[in-house]
Amino acid sequence: MEMESEAATVMYTREKKPEDFEFLLQLQNPSDPAHVKKYNLTYNVAFTKFSNSVGPCRPILPFPKNEQGRSFQGQWYEEHPWLEYSPENDAMYCFSCRLFMNDEKYKSRTGWKSVGLSLWKQAKGKMKEHSRTESHMLGMIRWNAFKRKALDTALEKADFEMQAAKERERQKNREIIYRLIDIILYLAKQGMAFRGDNESLSSSNKGNFLELVELVGQYDSVLKLHLDNIKEKQASCQKPQVSLLSNRIQNDLIRAMAIYVKQEILKEVREASIFSILLDETTDVSHIEQVCFVVRYVHDMTIKERFIQLCDVQSTTGEQLENLVLNLLKENQLKVEDIYGQGYDGAANMSGPYKGLQSRIQKQNEKALYVHCHAHCLNLVLVESSKSSIHFVSFFTVVEKLYTFIANSTKRHAAFVQTQQAINPGQRALELQKLSDTRWTCRETALRTLRKCLPAVVQFLEDLTKSEPPDLAAGDAHMLLHSINFEFILCLEITTPIFMETAVASNALQRQDLDLAAAYTVVNGVISRMNTLRTEEQFKEIFHNATIQAETRGINVPEEIPGQARRRKVPTKFKYCSTSATEDHQPQTLEEYYRGRMYFTFLDSLIQELHRRFKGKGNTDKIVMSLQCLIEPSKWKDTADAEALNAVNTLCEFYGFQEEEEQLRTELRVFHSSFTCSQKSAHAILETFKDFDGHVVFPTLFKLLKIFATLPVSTATVERSFSKLKLVKTKLRNACGQERLSDLLLLAIEKDIPIIKDEVIKIFQDMVPNRKVLL
């Protein structure tokens, strides 16, 4: 025993930690005061914490009696909470004094602290006397303060652990939603469906969303644990608190992402301070009239066109469209006073000068100039030019009938493919293209394809007419074969290169970053190219190629001028009229006849329509031409000419820059003398400004160039939105709600805007104040 006591003394005299006293917990009475002397323990902070956590030694047992037959009584515990009893010493102690009375002036009072009292006959008096002493009161105060501090520490620790647990739960939920956002964003960008007909556990195809979640879960531990937890709850017929996979969560996340993307767009629009609106309407697969709302603005010296919203309308009158635009502006916190341009097609409800949308908006803001979509204008130019001669009207009719005859029958289509493979073995068979009624520039593809595979078309029609027994379509094939004559080949040779030129121009006019200055450059290039093609030498080459192709295919070239033999004699009274004199001019050769009646007529109509539709008169064209003068270096490098000065005066009066007119002239002279841009366009000058903070050096010029770049060129962005609409809302997805449809379109179109997931989660959390899931 002495050796054990010595070992214990050596072991426990050094400074200890609370966990070093765990051996006492294995004893019957861990806080017995006798242990202090027995194990040579020190009343330090660690031992005080341990003793306080265990509490006073208050065993309930048969207490031993002394010689007088008296003993310690258990009911004394209830009367004095500080009282404790040592079974080993058979004495009572004061717990508070033992632990907390270490003051120098109280060191001599060891009875209740270390020696203990066992005079049971006087016990009650002694306890009463001790409870009234100053040292005991001070010890009790310290003990209570220590307990309260320990309690606060314990509560703080518990609260910290609870907060840590909540933070772990929150982070786990966020990690799950991060992955769901990526999956939803992928489906939205691809325009794919989300839900399936049967989304139960037993379904073999739960829809794209759930199938993608399970696919990602096979390679991602976060989703795998979440899915396993859901399946475990469902297997035990327990409903998980939040699965995060319901259609409501999908819609909320789609909505949250769309709100975030729209906020980013509107933030840029407000920073730009001026913008243009672009609108167009279409009918979706559910026969609902849809209006697409797009804004065009300049941000960070870059021209941007952004989709904002898709709205369903009951009527498309000018008044209804005006109300729609005003409501959209109010909903998105945009001002009608900041509209500087309007871009629509030529429909009366849009472009009408009295009751059209553009005139109604201009009544509220005269600076909101209307620009007819240049791509539509070019289409209308081609439409009018194709009606210039009966030859071209008949030509396009035959082209459309050839497509219908071959493509609308799988049997004839297969035979046509076989004919191409026989004529051109080893080459890919071509498909005849349908002629678009609205996108005439797309006819270039149809004409180019027909030009390449015309020998196969002729051979196919000949084989069909000679088939035995006769095919039911042999009669139609015979009529089409006779329609492919020399005039047809000549029209094909004339229109194909011209439509190829206009197709390049149309593609350029549909670029988002194109400004009106560059657009007029493109149009001028088309006009210049058409004037270059309008020569006798050019037609001579076309006529020669058509003749060779006709002879190669066994098609007869006419030997006399069409209609010349049965020409009616002009009455004498009209003989010397200027009009009749022109009509009375008789071409001498077949080439001269087709050159005048077909080629020159087509090109003259084309050039005339280009001038009429792109070089028209009006307030918009006057302002645009004035803005055009700002980017012409030749007008400002030396001495500004009268036209340039008038343009500056016109612009300053229209936009309210009268006080800055002189400054604008100075800025123009300095800029064009100091810088040379690669192109004559507002976009090119803005790019130059970006390199040296030109908006600070030339503030007035920057304002006008910003306006010039903001004016719309075409509604191609709106048309592209309609193309996405056809992918998102299909016959199998025609029950999609309007808000969800608009949100999905926004995510599918504006896919270049990066998504910050934490911001999306914040919006998602605010949408429903009391979500069950911790975020």
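A crossing of two helices is left-handed if the near helix is turned anticlockwise from the far one by less than a right angle, and right-handed if clockwise. The legends below describe close-up views of a predicted model.

**View 1. Helices H19 and H20 cross in the left-handed sense.** Helix H19, which spans residues 454-465, packs against helix H20, residues 474-483, at an angle of about 140 degrees, and the two axes are 8 Å apart. Angles over 145 degrees would count as roughly antiparallel, and H19 and H20 are therefore oblique to each other. On the H19 side the contact involves Val458, Leu461, Glu462, Leu464 and Thr465, which meet Ala474, Ala477, His478, Leu480 and Leu481 of H20. Sorted by class, the residues of this contact comprise 7 nonpolar, 2 polar and 1 charged.

**View 2. Helices H27 and H28 cross in the right-handed sense.** The axes of helix H27 (residues 642-655) and helix H28 (residues 661-674) come within 10 Å of each other, and they cross at roughly 135 degrees. H27 and H28 are therefore oblique to each other. H27 contributes Leu645, Val648, Asn649 and Cys652 to the contact, while H28 contributes Glu661, Leu664, Arg665 and Leu668. The residues of the contact of H27 with H28 divide into 5 nonpolar, 1 polar and 2 charged.

**View 3. Phe539 and Tyr599 form one of the 37 aromatic pairs in the structure.** The ring centres of Phe539 and Tyr599 are 5.2 Å apart and the ring planes stand at 35 degrees, so the pair is tilted. Phe539 belongs to helix H23 (residues 536-552) and Tyr599 to helix H25 (residues 590-614), so the pair ties together parts that are 60 residues apart in sequence. Both Phe539 and Tyr599 are buried. These two residues also belong to one aromatic cluster, which is formed by Phe486, Phe539, Phe543, Tyr593, Tyr594, Tyr599 and Phe600.

**View 4. Phe671 and Phe689 make an edge-to-face aromatic pair.** The distance from centre to centre is 5.4 Å, and the angle between the planes is 90 degrees. Phe671 lies in helix H28 and Phe689 in helix H29 (residues 682-692), so that the pair links distant parts of the chain, 18 residues apart. Phe671 has a relative accessible area of 1% and is buried, and Phe689, at 0% relative accessibility, also counts as buried.

**View 5. Helix H29 carries a set of buried residues.** The buried residues in H29 are Ala682, His683, Ala684, Ile685, Leu686, Thr688 and Phe689. Among the elements that cover these residues of H29 are strand E4 (289-299) and strand E5 (302-312), together with helix H22 (516-533), H28, helix H30 (694-697) and helix H31 (699-710). H29 is followed by Asp693, whose phi is positive, with a value near 55 degrees.

**View 6. Thr449 is a buried residue of helix H18.** Helix H18 comprises residues 443-452, and Thr449 lies in this helix. The relative accessibility of Thr449 is 11%, and since buried means under 20% relative accessible area, Thr449 counts as buried. When neighbours within four places in sequence are left aside, the residues in contact with Thr449 are Leu430, Glu431, Leu432 and Gln433.

Conventions: Residues numbered from 1 in each chain as written. Predicted model: local features only at pLDDT ≥ 70, side-chain atom pairs only at ≥ 80, totals over all residues. Heavy atoms only, no water. Axes fitted to C-alpha atoms, helices over the stretch in contact; angles between N-to-C directions. Helix = DSSP H or I, 4+ residues; strand = E, 2+ residues; numbered from the N terminus. Parallel < 35°, antiparallel > 145°, perpendicular 65-115°, else oblique. Contact = heavy atoms within 4.5 Å. Nonpolar A, V, L, I, M, F, W, Y, C, P; charged D, E, K, R; others polar. Phe/Tyr/Trp six-rings, centres within 6.5 Å; stacked < 30°, edge-to-face > 60°. Buried < 20%, exposed > 50% of the residue type's maximum accessible area, 1.4 Å probe, protein only.
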